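Keep the model in view while reading.

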Amino acid sequence: MAVVGSELNPLRVAIIGSGPAGFYTVSNFMKIKDVHVETDMYDRLPTPFGLVRAGVAPDHQKDKSVTRAYEKSAAYPGFRFFGNVEYGLHIHLDDLRRHYHQVIFTTGSPFDRNLGISGEHLEGSHSATEFVAWYNGHPDFADRQFDLTQENVVVVGMGNVAMDVARILCKTHAELAATDMADHALRVLQQSKVRNVYILGRRGPAQAAFTPPEIKEMGEFEEADVNVLAEEAMLDVASQTLLDASQDKNTLKNVAAVQAYAVRENQRKPRQLYIRFLVSPTELIGEAGQVHAVKINKNELYMDDQGALKARATTAEEIIPAGLVFRSVGYKGKPLSDVPFNESWGTIANHRGAITNNDGSTVPGMYTAGWIKRGPSGVIGTNKTCAQETVGLMVADLAMNKHFQPTDTDPAAIEALVRSRQPDLVSYADWKKVDLAELAAGDASNRPRVKISNVNEMLELIRS
């Protein structure tokens, strides 16, 4: 038998998840000229690209242009896409061990963390992920309902996702209709009665997780003003001292933008956006089972023993009337069958991408990359270096013969097995039929694309 990774005996790699980390795994392998690799990418949905399709805001089309690079990876001779195939249902770890030398899990962090406060169960309380997936046309969320007859909405969190949710709620129908937002969401948002949107952050402007482009964009609405309280825009002494020392460019830009909003004249536009700092929700107040208001505490910052700035509550409280609440305070991964998982972190247990057992020893042949490896941090491009690190380990382990010992590496064998369990397997060529149909519908309506949000509709189009 030829050496694994040679032309006669290619390294066979299964990639579970087709988001950025999955495609960057393929592109990083493509750069290694002395190892012949065949990659099979699996995804539960018929569509590839993960959060680039279902998470990036529809009014941020430039961010989605990264899929052009993924298209190049998909054209790699040893690449195959197995869409509409779910790990743990249609394919299992034992199957992967029999047919591949290595497997890498790039399944992301699909779950929102809870606020952990009273009233979170009330009607009108949602995760930001639900809303984002709904307006982006994710098949699992297309039928969700959000009561946009409410005039006041609270968004808890200061990351880019929280900014996206608030921005979508503040934009006009004309602004949204030029995007690839799902049609069902466009119809509902066109009838929106939302007038006041509140974004809540527990720390100050210097600790906010949004990026400079996101906070800058909040001041560019056609029909919404942005409001920041002057006292909340000012930095405390400790924050200012740390910022002066670090001179972090992004933080400096964020603080400058926030402080500019604090002195900006309100134009009395139809909608008002309030960005609040140093506040934390302590209770969702209900009325007849429905969110009616949010109780918040004012916070102050203090330096802990390790030199980190943390927030603690003061005695000052406030009530914000709101019939709709979205939480965006962190994300965690989903445990996968037969894969070691760190519950506290919400990630696959790993060391630099090599999956580890409870005792810290690595599991030969098993790897991870992306948010499920490191947690929900960074931007899309961060996954490139993350995958590069893991692929480096995979190649090093290959040289030491540390991998699965598959009994059948014939690519046709695993495809036959998967098709026997999931006859509606979607290949990359099948996906391109959906892609082209969406693009054509977009051209006809002067939009980037018109998404198909129903799996059965996708399958019918593919069959036709």
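Rings of Phe, Tyr and Trp (its six-membered ring) pair if their centres lie within 6.5 Å; planes under 30 degrees apart count as stacked, over 60 as edge-to-face and the rest as tilted. This is a predicted model, in which local features need pLDDT of at least 70 and side-chain atom pairs count only at pLDDT 80 or more, while totals for chains, interfaces and linings use all residues. Residues are numbered from 1 along each chain as its sequence is written, and side-chain values use heavy atoms, with hydrogens and water left out.

One aromatic cluster is made of F23, Y24, F49, Y70, F79, F81, Y428 and W431. The structure holds 19 aromatic pairs. In one of them, the ring centres of Y42 and Y100 are 6.5 Å apart and the planes stand at 80 degrees, so the pair is edge-to-face. Y42 sits in strand β2 (residues 37-42) and Y100 in the loop between α5 (93-99) and β4 (102-105), so the pair ties together parts 58 residues apart in sequence. Helices (H or I, at least four residues) and strands (E, at least two) are DSSP runs, numbered from the N terminus. Both Y42 and Y100 are buried, that is, under 20% relative accessible area; exposed is over 50% and partly exposed lies in between (1.4 Å probe, protein chains only).

Y87 and F105 also form an edge-to-face pair, 5.3 Å centre to centre with 80 degrees between the planes. Y87 lies in the loop between β3 (79-82) and α5, and F105 in strand β4, 18 residues apart. Y87 counts as buried because its relative accessibility is 11%. F105, at 0%, counts as buried too.

Now turn to helix α13. Its buried residues are T251, N254, V255, A257, V258 and Y261. An α-helix has 3.6 residues a turn, so residues three or four places apart point the same way. On the other side of α13, K249 and K253 are exposed.

The lining of the second largest pocket divides into 5 nonpolar, 3 polar and 8 charged residues. Here Ala, Val, Leu, Ile, Met, Phe, Trp, Tyr, Cys and Pro count as nonpolar, Asp, Glu, Lys and Arg as charged, and the others, Gly among them, as polar.
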